[in-house]
Amino acid sequence: MSARIGVIQFPGTNCELDAVHACEVLGASAELLWHRESSPISVDAVIVPGGFAHGDYLRTGAIARFSPVMNALQEFAEAGGPVVGICNGFQILCEAAMLPGALQKNAGMKFRCEMSTLVVASQRSVLTADIELGAELRIPINHFEGNYTCDAATLEQLRGDDRIVLRYLENPNGSLDDIAGICNDTGNVVGLMPHPERACESVLGSIDGAALLGSLLRHALITATR
Amino acid sequence: MTETTAVPLHRQLGMTDDELEAVIGELGREPTHLELAMYSVMWSEHCSYKSSKPHLRRFPTTAPWVMVGPGEGAGVIDVGDGLAVAVRIESHNHPSAVEPYQGAATGVGGIIRDIFSMGARPIALMDPLRFGALDDARTRYLFEGVVSGISGYGNSVGVPTVGGEAVFDDCYRDNPLVNVFCLGLLAHDDLVLAIATGDGNLAVLLGSATGRDGIGGASVLASAGFEDGAEHKRPSVQVGDPFEEKRLIEACLELYERKLVVGVQDLGAAGISCAASETAAKGGMGMDLDVARVARREPGMNPVELLTSESQERMLAIVTPEQLDAVLDVAERWEIRATVVGRVNDSGRFRVFDGYFDAIGVPGANPTPPPGDVPIIASSDAEPVADVPAGSLGDGPVYQRPLARPADFDEIQLDDPARELRVRFPDGTDLGAELLALLSTPTIADKSWIFRQYDHQLFLNTVVGPGSDASVLRLKGSGKALALSTDGKARFCKLDPREGAKLIVMEAARNVACAGATSKALVNCLNFGNPEHPEVMWQFSEVVDGMSEACVALGFPVIGGNVSFYNESRGDNIHPTPTVGVVGLIDSLVDVPPSIALRDGDAIVVLGTTTAELGGSEWAAVVHGLVGGRPPRADLEAASKLHDLVRALVRDRAVNTVHDCSDGGLAVTLCEMAFAGSVGFSVEMPFGAELSAAEACFSESANRVVLGVVQSQVEVIAARAASAGVPVAVLGVAHGDRLIINGAFDVSLSEAKTIWTQAIPKLFA
């Protein structure tokens with residue numbers, strides 16, 4: 001049995017087909033979920049992929065969070081369904097308050113597309129549960145607004161609850177506490193700026209993203225069979 | 001002010017008196033204001049190619065794999081397995097000189113529309129850029145703005161920028177060149193052409209509302225040179241909206257997939273008048289268009305503005321009445337505007353009405369309410385505001401401009417920089433400082449600062465990204481891959497345009513061969529000065545001949561191109577700057593091809609011959625300001641042999657490392673390989689009376705490729721080279737932390753690498 005993954009598509013999303021491809025490479029099936037769809041989500045896990053939903057106009061994720069599919073996504077997550085927001089998806093999950101904090105413009109005020117090295121900082125999330133703590137993963141970043149920030153109390157809580165799941169080895173964007181990814185307090189909703197779907201085949205330069213997405217796919221099945 | 005009002009309208013619009021006479025002859029009467037405006041844009045240099053057409057016909061354009069040659073939105077070649085790729089290159093030079101961010105951004109947007117108007121999904125962009133020297137503050141502003149514009153638009157619209165080049169030379173100070181190459185992928189069946197057929201079919205305008213931006217961009221901006229105070233031309237630059245374009249791409253691809261359109265044309269230069277008249281003319285049809293139906297961004301726009309506006313993110317689709325509702329549904333899903341603005345007929349005439357539409361009797365829902373400020377006149381006997389033969393707009397004058405070899409041509413060629421450089425750098429001189437100076441020139445320095453700002457990985461095709469010889473994109477599911485290279489070397493063309501053009505084609509094809517690919521097609525962007533200068537037209541003609549000869553010799557056709565004239569400022573023309581994009585095909589890609597990174601312990605082997613050829617080289621021209629001489633010899637037969645050998649070596653994985661030798665010569669090539677591999681080298685080169693140490697290091701002789709080879713395989717490689725008829729020499733070994741060419745230089749790897757990587761970023765710190 002293979003996991004069924006839903007990949008949300010907003011107008012302006014552009015990594016949706018890449019996410020579908022990576023899931024398929026890893027043996028799952030994947031389908032697109034249109035942003036206007038409001039009916040309950042019936043897949044095993046959801047990826048909110050990267051891109052520029054609604055052009056990132058106003059502010060990244062600010063318009064996307066009002067799409068009908070977001071209500072369905074909230075319900076799916078509250079029922080324990082695994083949700084991973086990648087890049088723009090992370091920004092949208094923050095805007096939708098499914099994750100705390102916000103992503104500001106990079107320190108240096110430039111878009112950055114390059115390989116980054118991430119350190120697994122927590123196994124509490126569906127994305128990192130199967131990976132050794134401290135493992136280093138080579139995963140590309142591709143963003144202008146990846147500089148994670150939150151208030152001091154939130155940071156304290158993220159640290160105390162072990163919810164900082166990935167950190168940059170070398171901080172590329174000024175992100176608070178080198179944060180590359182965080183999860184919610186139940187570990188089923190994860191957001192990260194780097195693109196694991198771009199690192200699932202050796203011909204693309206790294207297969208470390210397969211470790212992250214592989215963990216997601218396994219936990220999607222566990223959740224589904226529960 | 002009184003002066004301008006005294007100038008007749010046609011001249012204000014950039015038309016000559018003879019051209020006005022031709023219009024009158026075409027119509028049999030004086031043109032209306034709108035007609036004159038349309039002819040002036042359509043017959044502008046930018047749209048009509050009136051100076052270049054007689055020369056462009058000399059390009060070789062056919063091959064069995066060519067599906068669409070020059071003249072359409074993009075060239076298309078068959079790559080097997082039912083797949084095809086669409087390719088185009090274009091310039092957006094003048095808009096970028098006036099407003100760098102929007103100029104570059106809309107250049108990206110425009111070329112993407114050319115590609116998806118063919119039915120292809122755009123999957124790759126590349127940007128050959130030319131600027132003045134970066135020590136000038138205004139040049140830095142232009143450069144940073146252009147790179148941000150490409151990044152801002154390209155990343156957001158969702159097409160990866162997988163390569164390109166950036167070259168810096170004083171001749172571009174006031175007239176930077178922003179060329180954009182785009183490649184799209186399509187199934188054979190999905191090919192769409194910009195043809196309007198079927199009496200009664202509807203013309204549907206998709207995308208943005210029409211504004212006053214970019215009015216006369218093709219004629220006012222692109223077809224005239226710059227003088228001081230070009231700021232007044234800023235309103236002729238368009239403003240881009242990548243989110244609108246992204247939705248337009250997805251909507252159009254869905255329309256094609258569901259076979260809902262008869263033909264599609266993007267709106268570029270000359271806006272609606274070009275798109276509507278061209279589609280009608282190509283289909284041998286006519287079209288009635290109601291300008292009152294065109295959605296507009298502001299009130300009070302007149303038909304002239306609406307018909308010639310170059311507002312971005314618009315397409316014209318030809319749709320059967322039966323499929324209109326389905327088309328409107330797709331548009332609604334992607335939240336793009338769709339407006340029926342015209343109807344195809346068999347009159348052969350392009351007629352424009354201002355408020356006639358309701359009487360045409362278009363079936364189906366009216367998608368947008370009538371624009372508020374123009375009353376809809378439901379009258380079948382309305383008078384057209386323009387009525388011209390559809391084909392006449394696209395069939396402008398053709399000029400046989402006079403050609404003249406520049407008077408100082410021989411003098412410049414005889415001024416070989418080698419004479420002075422041999423005196424200044426006799427053998428035995430330490431060339432370490434020369435090497436470091438070369439590595440810090442922006443043209444040679446590391447370009448990561450640029451391409452790090454571009455998403456170069458989207459769609460998971462990028463096997464080799466920017467910073468290598470060629471970019472390599474896999475074609476998922478087919479086992480095949482494409483290798484892409486954009487190149488241009490204007491200084492060689494300045495010294496000898498014919499030979500320079502050959503060298504450019506050779507370099508692009510060599511880069512493609514270094515990826516293990518066979519070159520299949522070339523597109524060119526021909527950036528030149530003022531065509532009314534006979535010297536410029538002579539350079540143009542020579543470049544066309546040199547490029548043609550090289551393409552024939554190397555076995556691939558020219559499938560498209562773009563001409564950009566009037567690249568001049570204050571009377572000075574830029575160097576003749578043809579840039580090319582070459583597309584190569586790898587039949588079977590099993591793994592990442594050998595990179596440019598040296599491996600510790602490997603033997604360093606050079607294929608090809610180094611001779612004393614410093615004319616036009618980076619070292620002579622940029623480091624020492626010696627710009628004369630002849631370019632390196634362009635031996636096309638040797639090129640063909642070299643490419644075949646390199647392709648075979650890469651395909652067989654017989655080498656660990658492969659790198660084309662070009663700007664900066666062998667010394668710089670070896671450094672780039674060392675930087676990528678984080679390992680030094682120790683190399684011996686034969687110096688003597690024929691070839692000084694400095695010439696051995698910095699000469700830019702063509703037809704050379706440097707290899708990194710496992711020691712045990714050196715003899716095998718040498719034997720293969722010998723049997724292929726390619727000169728081969730073992731230079732030394734990769735090891736340690738120093739960069740050493742015995743008798744020339746011995747510098748620290750880390751120091752040299754720091755200089756090379758920091759040269760551009762430090763200017764923007």
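The structure is a predicted model, in which local features need pLDDT of at least 70, side-chain atom pairs count only at pLDDT 80 or more, and totals for chains, interfaces and linings use all residues. Residues are numbered from 1 along each chain as its sequence is written, while chains are lettered from A and ligands numbered from 1 in the order in which they are written. Helices (H or I, at least four residues) and strands (E, at least two) are DSSP runs, numbered from the N terminus.

**Sheet of chain A**

- Nine strands of chain A form an open sheet with mixed pairing, in the order β2-β1-β3-β4-β11-β10-β9-β6-β7; two strands pair if DSSP finds at least two bridges between them.
- The edges are held by β2 (29-34) and β7 of chain A, each with a single partner strand, so one side of each is left without a neighbour in the sheet.
- On average, neighbouring strands of this sheet are turned by 25° against each other, direction ignored; axes are lines fitted to C-alpha atoms, for helices over the stretch in contact, and angles run from 0 to 180 degrees between N-to-C directions.
- Within the sheet, β4(A) and β11(A) run parallel and are joined by four bridges, and A:Ile86 stands opposite A:Leu192 in β11(A).
- Helix α2 (residues 68-78) of chain A lies across β1 (4-9), β2, β3, β4 and β11 of chain A, and runs at about 130° to β4(A).

**Helix α3 of chain A**

- Helix α3 (residues 88-95) of chain A is mostly covered, with eight of its eight residues buried; a residue is buried if 20 or more other C-beta atoms lie within 10 Å of its own, exposed if 12 or fewer, and partly exposed in between, with C-beta atoms placed from the backbone.
- The buried residues of α3(A) include A:Phe90, A:Ile92, A:Leu93 and A:Glu95.
- These buried residues pack against β3 (45-48), β4 (83-86), β5 (102-104) and β11 (189-192) of chain A.
- Just after α3(A), A:Ala97 takes a positive phi of about 65°.

**Contact between the chains**

- Chain A contributes 21 residues to the contact and chain B contributes 23 residues; two residues are in contact if their C-beta atoms, placed from the backbone, lie within 7 Å.
- On the side of chain A that touches chain B, the elements giving two or more residues are α1 (16-25), β6 (112-120) and β7 (136-143) of chain A.
- Of these, β6(A) gives the most, with three residues.
- By class, this side of chain A has nine nonpolar, seven polar and five charged residues; Ala, Val, Leu, Ile, Met, Phe, Trp, Tyr, Cys and Pro count as nonpolar, Asp, Glu, Lys and Arg as charged, and the others, Gly among them, as polar.
- B:Ser156 lies in helix α9 (residues 137-157) of chain B and touches A:Phe52, A:Gly55, B:Pro242 and B:Phe243, not counting residues up to four places away in sequence.
- B:Ser156 counts as buried because it has 26 C-beta neighbours inside 10 Å.

**Helix pair in chain B**

- Helix α8 (residues 100-116) and helix α11 (residues 242-257) of chain B pack at an angle of about 5°, with their axes 11 Å apart.
- That angle makes α8(B) roughly parallel to α11(B); angles under 35 degrees count as roughly parallel, over 145 as roughly antiparallel, 65 to 115 as roughly perpendicular and the rest as oblique.
- B:Gly109, B:Ile112 and B:Phe116 in α8(B) meet residues of α11(B), including B:Pro242, B:Ile249 and B:Leu253.

**Sheet of chain B**

- Seven strands of chain B form an open sheet with mixed pairing, in the order β23-β25-β22-β26-β24-β27-β28.
- β23 (657-660) and β28 of chain B stand at the edges with a single partner strand each, so one side of each is left without a neighbour in the sheet.
- Strand β24 (residues 681-683) of chain B runs parallel to β27(B), to which three bridges join it, and B:Val683 has B:Ile741 as its bridge partner in β27(B).
- β27(B) pairs in the antiparallel sense with strand β28 (residues 745-748) of chain B over four bridges, and B:Ile740 stands opposite B:Asp746 in β28(B).
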